[in-house]
Amino acid sequence: MPALEFITGAMEGRRSEFESRTVIGSSADCGVRLTDNGISRSHARITVDAESASVEDLGSANGTYVNFRRLKSHETTTLNDRDVLFCGRTVMKFFRDGGAASGGGAVSTSELGELLRGTVPLEGLQGPSAEAAALRARRTEQREVLRRLGAHRWSSAELESLLRRARAT
């Protein structure tokens, strides 16, 4: 059974299992109800079937991120086991078949850099000015993710704790 493990937010440390489809949002009728200020009433929908899993942003005001990449409004993307989702200020890890609680495995600064590097797709960009533009866009998106998480206010120990919980060994 698919599950979400909550890494930050009001549900931190909890898990939410669901059948084949669930909606994340602040509305009482959502399968996964989140209460932080960055959550729309119907923020995102996760769908899992025998062949695949996907997440769709439902036109949320603050966006849905999958592994640090922001989805466009109403965009659907494939979810893989242990992908990290950001909705508002809540960080979750997706487990396709329920999985065990993550834990373990600290992430080094260089690994964090690698995680953050892939946030802006680079296909179609060529030449030095395109590379500079892509780097600026990547840094802007990284800052936005960190701002939404409030990570700029976290101590090094808090950040390391989040990263340990976000990455399974």
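Predicted model: local features only at pLDDT ≥ 70, side-chain atom pairs only at ≥ 80, totals over all residues.
**Entry 1: strands β7 and β10**

Strand β7 covers residues 64-66 and strand β10 covers residues 84-87. I found three bridges between β7 and β10, in the antiparallel sense. I then checked what stands opposite Val66, and it is Leu85 in β10.

**Entry 2: the sheet**

Next I asked which strands make up the sheet that holds β7 and β10. There are six, in the order β2-β1-β11-β10-β7-β8. The sheet is open and its pairing is antiparallel. I noted that β2 (15-17) and β8 (69-70) stand at the edges. Each of these two has a single partner strand, so one side of each has no neighbour in the sheet.

**Entry 3: aromatic rings**

I searched for aromatic pairs and counted two. One of them is Tyr65 with Phe86, an edge-to-face pair. Their ring centres are 6.2 Å apart and the planes stand at 75 degrees. Tyr65 sits in strand β7 and Phe86 in strand β10, so I wrote down that the pair links distant parts of the chain, 21 residues apart.

Are Tyr65 and Phe86 buried or exposed? I looked up both. Tyr65 has a relative accessible area of 4%, so Tyr65 is buried, the limit being under 20%. Phe86 is also at 4% relative accessibility and counts as buried.

Phe86 has another ring partner, Phe68. The centres of these two rings are 4.9 Å apart. Phe68 lies in the loop between β7 and β8, and 18 residues separate Phe68 from Phe86 in strand β10. Phe68 is buried, with a relative accessible area of 9%.

I put the three rings together: Tyr65, Phe68 and Phe86 form one aromatic cluster.

**Entry 4: a charge over a ring**

I also looked at Phe95. Arg15 lies over the face of Phe95, at 5.2 Å from the ring centre.

**Entry 5: Thr78**

Last, I looked up Thr78, which is found in strand β9 (residues 76-78). Which residues does Thr78 touch, not counting those up to four places away in sequence? I found Ala53, Ser54 and Asp83. I also checked Thr78 against Glu56: they are 22 residues apart in sequence. From C-alpha to C-alpha, Thr78 and Glu56 are 9.0 Å apart in space.

Terms used: Residues numbered from 1 in each chain as written. Heavy atoms only, no water. Helix = DSSP H or I, 4+ residues; strand = E, 2+ residues; numbered from the N terminus. Contact = heavy atoms within 4.5 Å. Pairing = 2+ DSSP bridges. Phe/Tyr/Trp six-rings, centres within 6.5 Å; stacked < 30°, edge-to-face > 60°. Buried < 20%, exposed > 50% of the residue type's maximum accessible area, 1.4 Å probe, protein only. Lys NZ or Arg CZ within 6 Å of the ring centre and 35° of its normal.
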